[in-house]
Structure formats: structure tokens, C-alpha cells
Amino acid sequence: MKLTLKIWRQKNSNDKGAFVSYPMGNVNPDMSMLECLDVLNETLTERGEEPVAFEHDCREGICGSCGFMINGVAHGPERATTVCQLTMRHFKDGDELVLEPWRAHAFPFLKDLCVDRRAFDRIIAAGGYVSVSTGNAPDANAIPVGKDIADQAMDAAACIGCGACVAACPNAAAALFTGAKVAHLSVLPQGKVEADRRALAMVAQMNEEGFGNCTNIGECTGVCPKSIPLQVIARMNRDFFRASLKRRDEPATTITPVYDWKVKTQ
Amino acid sequence: MTLDSKVPSGPIEKAWEKTRFDLKLVNPANKRKHTLIVVGSGLAGASAAATLGELGYNVKCFCFQDSPRRAHSIAAQGGINAAKNYQNDGDSVYRLFYDTVKGGDFRAREANVYRLAEISVHIIDQCVAQGVPFAREYGGALTNRSFGGAQVSRTFYARGQTGQQLLLGAYQALERQARAGTVAMYPRTEMLDLIVIDGKARGIVTRHLVTGEIQTHFADAVILGTGGYGNVYYLSTNAKGSNATAIWRAHKRGALFANPCFTQIHPTCIPVSGDYQSKLTLMSESLRNDGRIWVPLKKGDKRPPNEIPEAERDYYLERRYPSFGNLVPRDVASRNAKAVCDEGRGVGETGLGVYLDFSDAIARLGRHVIEERYGNLFDMYQRITDEDPYQVPMRIYPAIHYTMGGLWVDYQLQSTIPGLFVIGEANFSDHGANRLGASALMQGLSDGYFIIPYTVGDYIASNKFAKVDASHPEAQAALACVRQMTEKLLSIRGKRTVDSFHRELGKIMWDYCGMSRNAEGLKKAIGEIRQLREEYWQNVNVPGSDDDINQSLEKAGRVADFFELGELMCIDALERNESCGGHFREEYQTPDGEAQRDDEHYSYAAAWGYRGPGNPPDVYKEPLEFHYVHPSQRSYK
């Protein structure tokens, strides 16, 4: 089939950037969106032009590297599907696909379809874990965890950290991402112990990063490749309010976001 | 050079305990004075970096991805083995040890495997404590499933996303240390060389994948957890970015590379559909618990599967291996799939596929049970193939999945370069010639959480470290080497893309050094690889510059290494005149087509040394001794 890819090309954050249209002659309906970009990039390279930079790694929909907007929808038209698993059979002959990167203040632009998502790592670093050092663990069956609870935790833990939720949100909020980690850990007995500290710290860092506020629109869950349910946000809000009212802990500290890539060697 | 495995004398059950006691310790207050470099942030790298950080070392952790959470461990689906015997079905540390040595076709080091089985139980404890949401029974206890090569249920799992959940556990522990300041994380930073000073690994040269900056980093020890090299074959189940550059460049600095030809072909992957294909998608081995594998009895039977009556189907694994049935180990299942396809009984358009059929299981257990067990895998299959596996059988075919070979390490996971430790898939140690399903996650975490923290400590405590910096001639030489290679790749501006070379290399490797090999083919492959490599350095086209994101340049360096490694794999396969595990030499098979080992001549690990461009490599042999599990013809019948 024939398609036109209209792709955002921008060399770096200082460059102005523009859409460039690439007609594609021979698109096999079985190939994935990323394989379609591979084919384009081979052609561009052969023509002596720079290929389109896009993030990808596992191509199985689990690493969370890939993702861009297709005609305004994060990860494209198929529900619960990352662009690496989106096959071209979902488009019609003659379609024009507009590809552009995630756009959010907290995801600084890098090149073409690539952005910097280190903000997510810093939110996890703020408290997205159980504070248990290696060697500290009791026998795995010592604390029973009901199947329903384990399933609930797993539903939230399935998040791949791709950033589609932020890109889809009119407020560029990271509530679904942060809520997913809060919900995963705070329903489990192992994670309950520090649920208050976790909610306060992660929310504080999320705000520090410059993500917008959640206004319960629900675009995030609609585009989420893992269908993380909206309830995780409610869970985060509940944990956060409860912890705020208790005021048992020191106020949460945050770290300042780093946007440049200057490497420190020592 | 003689290879000292450093396995302690005495009974194997006490080997690790004895070693741990003998290893020297570093005073808690002194730990922070020592910098350690960890390259890679998968299960092995992340767990090592986090644990070393917890202990108080000053850790620098590097990964080429934008976040440590992207490492390819995340894609492991099926599960992780542990000898917990929660199912009361006869499992024990000794049985897991036995199964793994036998599964590896008697080409692994016994003491390492025993330790792995011993540590397996602690891994599950640690992961549960971190909040890994393993599957549970209604009563709250952990549940298990069975996997190939075992007759007990010892595999713990989190739906079809076990690798993801274990990696996120390790990643979260890593981020906790990053926040605590014990670990400095360097994402989008690729290791391109190892700095060896006075015979010890003291640092690495990196290229930053956003700014293009080439830099040196120094430490008292370097730990590589950079994964396997399955992408030599271009098409594999590995992530696109998975590469051998870190281990290969360490090899060129003196680390021996052991058993490079031991590669694992996974039996259940979605078949190739066209030339554009960029990677192969795995369908978890756990599917073989409930799916039945078959092909039509008749050659060239083109009827749709549902119209082929029961009597005209050949459930060839159940027929040939009645006691293990569909749960034979991966190497056996793969070889049999190839054999029936070679006979002309393969299914699908290309004839390179066999059916994995769930209709019996659905009839027996109900669709909801199958959905709960494998729902996400079925969805993935449907997304890719546009076929509904609840209605029609899946089509599957073997694909390159894992590499058992890797840098040679002793019992303490130290390579032949002092101070260079290698963990996870990047080393060669635990799986012999064939890895059992659900054992890779176990090994990565065992190495990272529970072994390296002890053995690195001993190395630090036993050595003195002179201060070194970028001005050292060895550091300057390594830097120059990396700069020169980058400039060279960018200056060729030939006619062919990096991918076109990589595809061609992959095809040579798959045809001659894949599921079955023979001397003639391997010799031919070596010639073709050399020729193609020569063309590569004359005619590759790497567009762009070196001062920003340049994905072609990243690939170009990795493919350059794959050429050299691919050749070594063929040399190793040619030298090993026997069949064992995943290494099947057509000349050496039993009358009924099973792998025929030659224990008299080949019961060793072949560790190869690099001798400069154009020179044939040296081989050093570490003899393998089996005091506990006596080598026998592996039988799953």
C-alpha cells in the first residue's frame, strides 16, 4: 500500500524544526510502524540524507523506549498498543500519517522524534521502591498476599514508562505514571509500611519536574499501551491526602531536574 | 596461560560458604573510597549496582538506553526458577543443580551451577520483599508453573511479564541508591573501550549518545553486565540495541572469550513474515505447558489446521519424547521443529513453522483459564499476525534467543583481566551448551545481588590502587583508539547502509552457524564473513556527524564488532567436533538424530584469546570435571 509520512524533523532544541513529507511506495500491511520507519531510513541513508531519529529497543511493547504521536494520538489508533507493535494493516492505502514527538515541558526535546524522559527516573528515585536492601528479606511465603491484591498490584505495575500518558494529557500531567507506581506498591503488605512517605515524596518530585496537574480527563488511560486504570490516580490522591493530614514525616525533599547532558566525569 | 577456575576444594555443598568465608572484607568506612564501574543496567547490572551502592561503595552505572529500566531483561516473559519446593513435588537445590547441569549437556562448571541453585531461593525472597507482584494462590501463597527440561514446577512468574517485574524491582533499588548518592547513573552513555593499566582493569572509555562526547571514567574495578550477543544474527529475539561491543572490546584488551558458538535457539517464536523484518518476537516457553505442538503427517498439506483430522496430525514431540512431551528442553524442541520443516511438513506460507495448538487445553480448562495464564501473549500474537490463537493454532518457529557463551570468568566471576568482572548473560559460566527456560533471570540476579558484592570486595581488599586519570598513556591510547574508529566510520561514506551489511552477516551466521552446523559450511562462512567485513570498511555509509544523536553511527560500531565476533563463533564451532546442547554439528549425531557428545575430547570450555587483527586466535582449555552429575547421553524420552 501507499502512505505519506509527514514527520517532525528537528536537529536539536536550538533548531527551529518543521514537518517534512515522505511518500512511501511499498508498505507491507504486516510490517510494524517502526519497520516502516526503518524502510524510510534505509532510503534516506542511500540518498545521502540523515535518517529520522526515533527511540526503540525491544520492539515487543515492553521496554517503553518507543512512542510518538500519530495523527495526534499517542502510539497511534490501536488501543493498548505501542508503535513498535502497531502494524500498518490498521491504516488505509493513501493515508497521511503525521508523526511528531511527545510534547511536554517536563520532556525536553532532543532530536526528531526523541525526547528526554529522565523526569520519570527522578520520580521513581524519590520513593518508587520498597526500602529493603539485599539480604534483608524473610522467606517469600512468610507474608501471604491474596490473589486479588497481587493481581491489583500487577495491573498497576505493568506500566512501561513510555510517557504516552503525559503526551496525551492536555495538562501534560504525570499522574497516571506516578499513580501506577504508588498503587503497585501501596496495596502490597511489603510496600504499605512506607506508603505515606512514598506518596508525599513522589508527588513532590512530580510537581518539581514541571508536569501539569491532573484534572481527571482520562486521555492518559485511553492511550496507555498497558491500559493502566484511572483508579491508580485515585489511589495516589488518597495516599497523598492521608499522608498530608497525618503530617508524621518531615516534609518531602526534591531534587532539581537536570536538563542538559553534560557528563560529569568524577 | 592456565585457567584457574578458583573452585574451592571439598564438597560442592560447602563450596560457596567456604569461599564466602575466605573472601576478604572491606571495612565499611573504607568502601566509599572505592569507585566501581558497572556497565549495563539489566537484571545483572542493576542488581549489582544497587547492592554495591547499598554496601557503601561509590558506584558509577552506565547504560546506552535513555533509562536503566529499558534494559532487555525487561522482555523476559515466562519466569524465574527457584528450588523452593513450595509445590511439594520433589524439588530441591540438588535437583535444580542436576537439571541445569544435564540441561546444559554437561558443558558447564559444576560448582557454579550448584551455587546458582543454592542462591535461587534467596532471589525469590528478595524480589518478594521488593514488591515484585508474583502470581499467587487464593490463600496468599506463591504459585508456580513448570518449564522445559524439568519435571517439577519451580518457576515463579508475574503473568507473562516476569522479566519486567524483576527488572523494575532491581531498577527501583538502583534509583533508590541514585537518590541516596551512592550510585551515579549515566544513561545514554555507551562503553566503547576498556582501560587496562598495569594489567588491571581501571576504567572505560564512553561515548555520550546525545552530545557525542568521548570520555574516560576511572575506578578500582569494572563490572560488565552488558548481556548477550544474539544480534550477531541480525534477526533475533534480542532488543535492537543489544550488542556485544562492551565484551568484545574487553576481549580485545585481553579478556578471554569462552564458548562463543554456544547459542540458544528458542523454539517458540513468531515466524518471519518478510524482508523488512527487524526482529523476531518470542512467545514464552510457558505456552508449551498447555499448548500441543504438531504438524500435518503428510508433506505439503495445505489445508487449514482446523480441517486436518486428529489422525492426520503428528504431535512429534509427544511421539518422540513420551516422558517430557512438549516440555523437552529448548535445543531439542528447536531441532525437531527444524527437522519436520526440512521434511516439507512445515506450515504457513513459508513452510517454516509448526502449530502450537491450545484447543485441547481450552476444551479441558475453559477459555478463561487460558486467558488468565497467557492472555497478554495471545494478545501480542494476534496484534502481530492478525490471527486469533483462541480459534486457530499459533504458528511458531525457532529463533536466536540467548547466548550461553561469553567472557570467561572464574568462580568469583572475574575475567582473565584482574579487576574486570563479568555477570549475567555476558559471561559464559552457568548454562553450559544449553540454557533451561527461566534460568537466565535466576543467573542475572544471582550474580548481581548475591555473588558480585562478595567477590568484588575481596578484590578491592586484596589489591592496592594507584591513582590514575585521563593523562595516563593507556587511557590516552584507548581514547585515541575510540576516536579513530569513530572518525573512520564517518569518513567512508560508501554506498551501503549499516543495516544492509548487518542483515547479510546475519544470514551467513543463521545459514552456517545456526541451528545445525557442519565443517564445510563453517569454513565457507568464515570466508564470507571476512570478505563482507572487508567490504564494510570500504563501502559502508554512516551519515551524520559525531556531535549529536546519530543512531547510524551507534549501529556501525556495534556491527563492526559483530563481524569479528561472528568469525570467532564459526571458528569455535568448527573446532568443537561434537554436538552438545545448542551446538549441533551434523557430522556428530546418534542414529536417531540426537546430539552426540564427545566427552573424551571435548569436555572443556574453550576460551579464546585475541591476538590482533588478522591473526588467528589462541585457544585455552578449561577442563570440566563432573564429580556429582555424571555425564550421560541426555535423554528426555
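The model is predicted. In it, 71 residues of chain A are in contact with 70 residues of chain B. Within chain A, helix 5 and helix 7 pack with their axes 10 Å apart.

- On the side of chain A that touches chain B, the elements giving two or more residues are helix 1 (33–46), strand 6 (109–111), helix 2 (118–127), helix 3 (147–157), helix 5 and helix 6 (189–192).
- Helix 1 of chain A contributes the most to this side, with 7 residues.
- Sorted by class, the side of chain A that touches chain B holds 31 nonpolar, 23 polar and 17 charged residues.

**Helices 5 and 7 of chain A**
- Helix 5 spans residues 175–186 and helix 7 spans residues 195–208, and the angle between them is about 170°.
- Angles over 145 degrees count as roughly antiparallel, so helix 5 and helix 7 of chain A are roughly antiparallel to each other.
- Helix 5 makes the contact through A:Thr178, A:Lys181, A:Val182, A:Leu185 and A:Ser186.
- From helix 7 come A:Ala195, A:Arg198, A:Ala199, A:Met202, A:Val203 and A:Met206.
- The residues of this contact comprise 7 nonpolar, 2 polar and 2 charged.

**A:Asp95**
- A:Asp95 sits in the loop between strand 4 (73–74) and strand 5 (96–100) of chain A.
- A:Asp95 counts as partly exposed because it has 15 C-beta neighbours inside 10 Å.
- A:Leu3 is 92 residues away from A:Asp95 along the chain, and their C-alpha atoms are separated by 5.2 Å.

Conventions: Residues numbered from 1 in each chain as written. Chains lettered and ligands numbered in written order. Predicted model: local features only at pLDDT ≥ 70, side-chain atom pairs only at ≥ 80, totals over all residues. Axes fitted to C-alpha atoms, helices over the stretch in contact; angles between N-to-C directions. Helix = DSSP H or I, 4+ residues; strand = E, 2+ residues; numbered from the N terminus. Parallel < 35°, antiparallel > 145°, perpendicular 65-115°, else oblique. Contact = placed C-beta atoms within 7 Å. Nonpolar A, V, L, I, M, F, W, Y, C, P; charged D, E, K, R; others polar. Buried ≥ 20, exposed ≤ 12 C-beta atoms within 10 Å, placed from the backbone.
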